[in-house]
Amino acid sequence: MSTADLPFVLAVVGAGPRGVGVLERLGANAAELLGERRLVVHLVDPFPPGAGRVWRYEQSPLLRMNSMPEDVTVFTDDTVRIDGPIRSGPSLIEWARLVREGALDVGIDDSLRGELEALRSDHFPTRRLQSAYLSWFHREVLAGLPAGIEVVEHRTRAVRLEDGEPQSLWLEDRAEPLEVDAVLFTVGHLDAEPDRRETELVDFAARHGLAYYPAGYTADVDYSAIEPGEPVLVRGFGLAFVDLMLLLTEGRGGRFEEQACGGLKYLPSGAEPVLHIGSRRGVPYHAKIGYRLRGKPLQLPRFFDAYAIEKLCAVPGSLDFRRDVWPLISKEIAWAYYSELFTAHPERVRMDFAVFADAFADAAPGELDALVARAVPAPEDRLDLDRLDRPMAGVRFGTAEEYGKELREYVEADLSRRADAEYSADLGAFMALLSVMGQLPALLQTGRLDAASQLSDLDGWFLGFFSYFASGPPPRRLEELLALQEAGLVSFLGAEMRVVADEERRRFVASGESFPGETEARTFVEARLPEPSITRASDVLLRQLRDDGGIAEEVVLDKVTGDRLLAGRIHTRVSDGRMLDRDGRAHPRRFALGPHTSARSAGAFTRPRTNALPFRQNDSVAREILRLAGARSRSGGETQVRPERV
């Protein structure tokens, strides 16, 4: 039997939504690229295929998505610009309606039946219902694969990978390795061992009989040792905090009750701790927007598109994100914001939109404020990105109580604004941010962005701002936060939160910039996901590849000191997802996709009709893998592809 008669074997490590999404693209593109060659795909994941770890059914029913079902899809549509064929399918809300109508024969767990029947397009589904959607998607993908593709599922972990022709992939429950031609990593967010500072806090807690919880995926952390009534310091005000808040309150038997006058009241069980929360901003992530655009369709991207990136990169020298890139991004955000304001709410502006649009397009960044001041009379209708980013910066209060009152008013105002379509310009800004995220890989692919600026400004500040503004919790979660404050189970520590390990007091001590004073506790929780880090990876396979040099952590060079700085992510070639080794060489048969790779794709689900980046990446990598398989088929033997230095 010749080599061409043997199947091409692919291992996909990570069988969550991304892994199964690539499998769907393999099937869609097979007729064009696979030829007569058979393809065997090994899906490797200890968690259920389709749902994976984050969206598995076996988790608390209290945990919800932060997306509405009309904004969630796993199917391509005619807006997606890819080389492969479009395979359309239902969004989450469309799927739920089809199941309710009996048009889809889907086995729904009895515990989800009530939620499914009541689900509306503007609800925020439980993660367990999303798990059912993703499990169905997985089954649909398998059923739709052509005859030449076979899938073998392994509900276990991959623990070792050795290079060769073929490569050898060891699984936790098998004595002999899988012999595979190519490997694709779709591992999602990377778990990491505690960093240096976290390790110091772990040691401090151990010496003094305290409890410290480093950054981790909240749903998988055991918080049962936290005692009822004890004060707990919490650092982080994003989605991980929201999960923690629910698990330590309603998850311990408390109950939220609707009040006749509006809002919620919390009825405690007595098992709850008291949470003292702070962060750099000192405020929670913005609530998700609950309305639709009302103006003319947005034309995005407008100022941060492929042409603008090409023009930007034509200038000699490296690019600084804040100096060179942010002005284009901020103009893109402002364009979408004011486009919606002018076309949906013309009574609140005093300039014709066509006139404004022409002046806006021609205006230099420093000239936009004057233009907006002439065109938009009400200051509250003007977009202030600096204030939006740091609403408590420079604001000082005399006491914690004063700050708590201010924060409560801030959250109430945010809830009101995010529910009122009179402020639909905010949704325009949100849509622009999504567009920007889709364009960033094209910029990164040029290699022109200054490395240190990429690490601190793009990876640090901008992606944090994106999450804070665009990836916040359902509004009800902030209503619950206010109810817990009213019940005395939550207090706020302010902006620029600092926590020290006080050896003399043998306690964790927190303070901040918003008001004077300190708060101490025996327990301290980092309410956030770990920063990406191959150096500190806890996954045994990634550690092995790191130690063997087969996988590299993206490294950037400080332009001032020349120091090598670790960006944390799996180092990949942005153009095709190929993994780079420690010497910067692209492996011909190893790929990686996901938020913690060099491509920096968003971890959220894709919205329908947005030419979503993950779909484009999935299609590109699937086609590359099929070309490898098809090339061997056409040549009748092995096609040698040498590692390429990047």
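Biologist: How many bridges join β4 to strand β5, and which way do the two run?
Modeller: Four bridges join β4 to β5 (residues 167-171), and the two strands run antiparallel. Strands here are DSSP runs of E with at least two residues, and helices are runs of H or I with at least four, both numbered from the N terminus; two strands pair if DSSP finds at least two bridges between them.

Biologist: What should I know about the model itself?
Modeller: This is a predicted model, in which local features need pLDDT of at least 70 and side-chain atom pairs count only at pLDDT 80 or more, while totals for chains, interfaces and linings use all residues. Residues are numbered from 1 along each chain as its sequence is written, and side-chain values use heavy atoms, with hydrogens and water left out.

Biologist: Back to β5, then: which residue there is the bridge partner of L161?
Modeller: That partner is L169.

Biologist: And what is the strand order in that sheet?
Modeller: The sheet is open, with three strands in the order β4-β5-β6 and antiparallel pairing. Its edge strands, β4 (158-162) and β6 (178-180), each pair on one side only.

Biologist: Changing topic, where does R281 lie, and is it buried or exposed?
Modeller: R281 lies in the loop between β12 (274-278) and α7 (306-313). It counts as buried because its relative accessible area is 11%, where buried means under 20%, exposed over 50% and partly exposed in between, using a 1.4 Å probe and protein chains only.

Biologist: What does R281 touch?
Modeller: Leaving out residues up to four places away in sequence, R281 touches D389, R390, M392, G464, F465, Y468 and A495, a contact being heavy atoms within 4.5 Å. With D389, the backbone oxygen lies 2.7 Å from a polar atom of the R281 side chain.

Biologist: Which residues have the most contacts inside the largest nonpolar core?
Modeller: They are F241, F321, I329, Y338, F360, L407 and F462, in a core of 94 residues. Such a core is a set of buried Ala, Val, Leu, Ile, Met, Phe, Trp, Tyr and Cys residues joined through side-chain atoms within 4.5 Å. Apart from that one lies another core, of 50 residues, among them F8, V41, V99 and L116.

Biologist: How many disulfides does the structure hold?
Modeller: The structure holds zero disulfides, counting as one any pair of cysteine sulfur atoms within 2.5 Å. As for the cysteines, C261 is exposed, because its relative accessibility is 70%, whereas C313 is buried, with a relative accessible area of 15%.

Conventions: Polar contact = N/O pair within 3.5 Å; in protein donor to acceptor, adjacent residues only side chain to side chain.
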